[in-house]
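Good morning, and thank you for coming.

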Amino acid sequence: MSYPATRMRRLRRGAPLRDLVAETALTPADLMAPLFVREGIDVPQPIVSLPGVSQHTVDSLVKEARSLGDLGVRGVILFGVPATKDPIGSQAWDPDGIVQVALARLRDELGDTMVLAADLCLDEYTDHGHCGPLDRHGRVDNDAAIDLYGRVALAQARAGADVVAPSGMMDGQVAAIRAALDGDGFSATAVMAYSAKYASALYGPFRDAVDVTIAGGGDRRDYQQDYRNRRESLREVDLDVAEGADIVMVKPALSYLDVIAEVAARVELPVAAYHVSGEYAMIKAAAERGWIDGPAVALEQITAVKRAGADIILTYLAGELAGVLA
Ligand code: PBG
């Protein structure tokens, strides 16, 4: 009888030893919470397809951000739901637009205790639901869109954003935003670029959260990435780095761990990954049926995203995970 020479199980004996040899430690400081703020409501509105997540009033937003901060979460990223939409999405850069109002309030109430980021896109603000104005063929006009993104960046920076996060996947968006910010004295405002953002079916609940329906049953495959491609994401990341991004992001997270790992190995910038609405909703739905242990799966999945190479993880689980990890 020959026995195995190498005993892998030696280091798995007991939790203290396992902790000692663990390669990955998830902490609340890795997490950023996406938060929704809606114009014209008096009480928070629960989002049915995102159990535990709400569209906030400005007041309830401040409360939520404060309690996340108390749990050790260092940053929030805001999404606005405006009361009115138009073809160009002008509420996105209106100084009185909901995200600008919310940013200013958060800055007032929280000081510098938390990183305030703002998603920078137009889809929540356009009546057709696309990420920029349409040309006469009904395609998003790339260069018109990035001009408008520059305006949005300035409005968000003026309102107090530390970080702006362009998510429209327009070519040249990072350069246009960087130039707009630098041209107006906001050279300290960071750009977290959604660099490798895939046209994913996992954004469904998010679109409920921001009341977006893409006109004519359309989709975003004309500007977001094709999920069959890996190397293409590296070109996207390289371009964003060259254009001046401070942080690059891969989105969604779990179906793209290969991309996260490759990007982390390639760039010297911090890498963010977005565990998106559909990924969150799947955990909640299965847990609700008693088919999985929700908190255990949440911890396993978000730890896997960090293990793959993400430095920052945007997740709707931020609060509940921070509560467990703290
Ligand atoms: C675009 C944006 C989207 C998400 C973040 N920013 C939606 C989209 O591209 O259609 C999705 C986030 C999620 O699903 O949690 N502003």
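With which residue does aspartate 211 form a salt bridge? The partner is arginine 38, and the closest N and O atoms of the pair are 3.9 Å apart. A salt bridge here is a side-chain nitrogen of Lys or Arg within 4 Å of a carboxyl oxygen of Asp or Glu. Aspartate 211 lies in the loop between helix H6 (204-209) and helix H7 (231-243), while arginine 38 belongs to strand E1, so the pair ties together parts 173 residues apart in sequence. Helices (H or I, at least four residues) and strands (E, at least two) are DSSP runs, numbered from the N terminus.

A word on the source: this is a predicted model, in which local features need pLDDT of at least 70 and side-chain atom pairs count only at pLDDT 80 or more, while totals for chains, interfaces and linings use all residues. Residues are numbered from 1 along each chain as its sequence is written, and side-chain values use heavy atoms, with hydrogens and water left out.

Strand E1 (residues 31-38) also pairs with strand E4 in the parallel sense, over seven bridges; strands pair if DSSP finds at least two bridges between them. Leucine 35 stands opposite leucine 78 of E4.

In E4 (residues 75-81), seven of seven residues are buried, that is, under 20% relative accessible area, against over 50% for exposed and in between for partly exposed (1.4 Å probe, protein chains only). Arginine 38, by comparison, is partly exposed at 27%.
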